[in-house]
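Q: I am new to this structure. Please show me how to read its features, one at a time.

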Amino acid sequence: MERYKIIKKVGEGAFGSVCQALDTQTGEIVAIKTMKQKYHSLEECLNLPEVKSLRMMKKHKNIVQLKEILMENNILYCVFEYLECDLFKLIVSRAKNPFSEDQIRNWFFQVFQALDYMHRCAGYFHRDLKPENLLVTKDEWTIKVADFGQAREICSQPPFTDYISTRWYRAPEVLLKSSSYSAAVDMWAMGAILAELFRLSPLFPGTTEADELHKICSVIGSPNQESWAEGLQIAKSIGFQFPQLPGVPDLKRLIPSASDAALSLIRLLCSWDPSKRPTAQEALQHPFFRSCYYIPPSLRSRTSLGTATSVPLPGRTIQVITPRTEQVINPIMPLLNGKNPEGITAAAVPPHMKTGGWHGSTTFAAAAAPQHMKTGGWHGSTTFGAAAAAPPHMKTGGWHGSSTFAAAPPPPHMKTGGRHGSTTFAAAVHMKTGGWHGGNIFNGHLGRLPHGNSSVTGGRLGDEIYRY
């Protein structure tokens, strides 16, 4: 600890205190968390949920970075990157000056990326999401998830501990003392925080666990067999009876500054049934975040000058100019568990393709397929139709089988192996080896981003088309 000079104490919790400090070797300002519990070995420290989870998630830009762990005299010190503020302090400082929806959208777009990475890639859920644990940089642009002291592995076997999170952001299944719950508790907390950022006050400010459930019922209505049958059984098993309240008929009355898309997302996140809440990945595809995605020029409709927005790439967020559009359909937006709040369709996808285009079982739509192809065209066993319909330089098995090009010269932009093999497109400027299937895709005009950046691997293969 000799290299660190303590500047001031900035916080204290149940598990330890946090100080702002100067790294005398680098000149960097850091945050040092001193744990209250005594430890007897470094191995014991490395197995702590907070340390173990953060070591798994050290590369995501929207998760606070653990720089170093030190143990002296059986005291554990965790050295973190330092961020100047958190959402709670910002909410308090705003008084009656609400945040803009664009600012809220930017923050939540980043946090949901962090949660998606945390839940799906690292295999952890946070369990203590609240405004105090969402740290913000001085310019109020970048936000990071912090304080993983309550984090648990998703694959962990229940029962979990019954105390998690601050009461106002605690999911109903936890309030009912359920010992088995999932990452959906994080999504409930995000719904409550989203509402609070618009309101500048908590949506469910209960004083006890029973009062918290009463507050929830007063807003979203009491659960029933259709909305949460399992919850009614859990409540019955502990002798709790939900108050019978209809809820607020229009959430706009409680959150007047929120758009319809924001209110739709809050309703989904604050669903009684955990299985009906969207995952972080699904939340990112909600219409509330439509403006956060880059739309390729060929898919834009009546565009005008745009604004800078956040765009996700693996482990980071960049800003690109997103056009303001009229009736633009987001081509990477699938339905949310069968729920389609705005009737979104795939109209913006090029007409001759569908998701999985060149590779999956749903390939060319009959009406849009070139006349010499059938479903499965470039890849499957049912390839080219009758000889009359096939170009003279091709045979059955065309781009994939052992009998490929006949004597007639192939088109200049193709070679044997076509759209699948290791020797693929030679001359086409917009592709490299691997075409629609491999690691290097869309390098030129079809997938080009501003300033020549190329798109993310997966182009037309997965459920996210044109994702930049």
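A: The buried residues of α9 pack against α4 (101-122), α6 (184-199) and α10 (280-283). Helices (H or I, at least four residues) and strands (E, at least two) are DSSP runs, numbered from the N terminus. Buried means under 20% relative accessible area, exposed over 50%, and partly exposed in between, with a 1.4 Å probe and protein chains only. This is a predicted model, where local features need pLDDT of at least 70, side-chain atom pairs count only at pLDDT 80 or more, and totals for chains, interfaces and linings use all residues. Residues are numbered from 1 along each chain as its sequence is written, and side-chain values use heavy atoms, with hydrogens and water left out.

Q: How many residues of α9 are buried?
A: In α9 (residues 260-269), 8 of the 10 residues are buried. Among them are Ala261, Leu265 and Leu269.

Q: What does Leu265 touch?
A: Contact means heavy atoms within 4.5 Å. Not counting residues up to four places away in sequence, Leu265 touches Phe112, Leu194, Ala283, His286, Phe288 and Phe289. Leu265 counts as buried because its relative accessibility is 0%.

Q: Where is Lys33 placed, and is it buried or exposed?
A: Lys33 sits in strand β3 (residues 29-38). Its relative accessible area is 9%, so Lys33 is buried. An unreviewed UniProt entry lists Lys33 for "binding site". UniProt positions are given in the numbering used here, feature names are shortened, and annotations may be inferred rather than shown by experiment.

Q: Which side chain has a polar contact with that of Lys33?
A: A polar contact is a pair of N or O atoms within 3.5 Å; within protein, one must be able to donate a hydrogen and the other to accept it, and residues adjacent in sequence count only if both atoms are side-chain atoms. Here the side chains of Lys33 and Glu50 are joined by one of 3.0 Å.

Q: How many disulfides are there?
A: A disulfide is a pair of cysteine sulfur atoms within 2.5 Å. The count is 0. Cys85 is buried because its relative accessibility is 18%. Cys155 is exposed, with a relative accessible area of 59%.
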